[in-house]
Amino acid sequence: MNTAPDLAMSMAIAATDQTKAAIPRIKLLSHGFSIDHPDPEIGEQLMTNALGVADREAMHGILRQLVKASVSGESPDEVNLSFMISMVKSIKPRDSVEAMLVAQMVSVHVMAMRCAHHLANADDLAQHDSAARALGRLARTFPAQIEALNRYRSHGEPAITVQNVSVGDGGKAIVGNVTQHASVIVSDKKPACAARNARKAAGSKRGPDSADAKRKAQA
């Protein structure tokens, strides 16, 4: 039985599906840009999915902003733009808020690298200081954006700490300030208090027995 034609057909179908799922390139035009794909509707849907937005209008809005952020010299740069779109897709924004934040993140990264280039090629102290200050601000902004994205993805759930919890026989407790997002962790800042409470409880149990013993001895 010859399976070579079937194998070739399967490989061709897989290659076609992979081509359809790939991010289409953006072709920059004198009056704007276009999505480079044989089927315009499929191309727009692929780009919408890659950017993590809900509709065609949001997709075109994010793309226009990325095109402007990709400017190198005085005009948009297709290489920068392709990189930025690829990075947005790899982060996988899940809604329009994440799409906007991720678009800012990749734009800040591109600008930071541009400032790093200017810093490396500064001709005088003024240019060096200007590029260094801009790079420092952008370098601090990027991790703040990552933290904001992580907080948003965790629905902004605060860490909860429960303190001064009594623990019965056989129980275990975590001593100290221990926190965790989206869950409750038991902690006790003052373990000495639990020990004093245990000694008091033991003393109250011994009290009546000691009094009875004294009365018997006096009798």
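## Helix α2

Let's start inside α2, where Gly 43, Leu 46, Met 47, Thr 48, Ala 50 and Leu 51 are buried (under 20% relative accessible area, with a 1.4 Å probe and protein chains only). This is a predicted model, in which local features need pLDDT of at least 70 and side-chain atom pairs count only at pLDDT 80 or more, while totals for chains, interfaces and linings use all residues. Residues are numbered from 1 along each chain as its sequence is written, and side-chain values use heavy atoms, leaving out hydrogens and water.

Helices here are DSSP runs of H or I with at least four residues, and strands are runs of E with at least two, numbered from the N terminus. The 12 residues of α2 reach 16 Å from first C-alpha to last. Just after α2 comes Gly 52, with a positive phi of about 75°.

## Helix α5

Now to α5, which covers residues 96-120 and spans 36 Å from its first C-alpha to its last. Its buried residues include Leu 101, Val 102, Met 105, Val 106 and Cys 115. Among the elements covering the buried residues of α5 are α2, α3 (56-69), α4 (78-91) and α6 (125-153). At the start of α5, a side-chain oxygen of Asp 95 comes to within 3.1 Å of the backbone nitrogen of Val 97.

## The strand pair

Strands β1 (residues 25-29) and β2 (residues 32-36) run antiparallel, joined by 5 bridges. A hairpin of 2 residues connects β1 to β2.

Note on methods. Expected span 1.5 Å × (residues − 1). Buried < 20%, exposed > 50% of the residue type's maximum accessible area, 1.4 Å probe, protein only. Contact = heavy atoms within 4.5 Å. Polar contact = N/O pair within 3.5 Å; in protein donor to acceptor, adjacent residues only side chain to side chain. Pairing = 2+ DSSP bridges.
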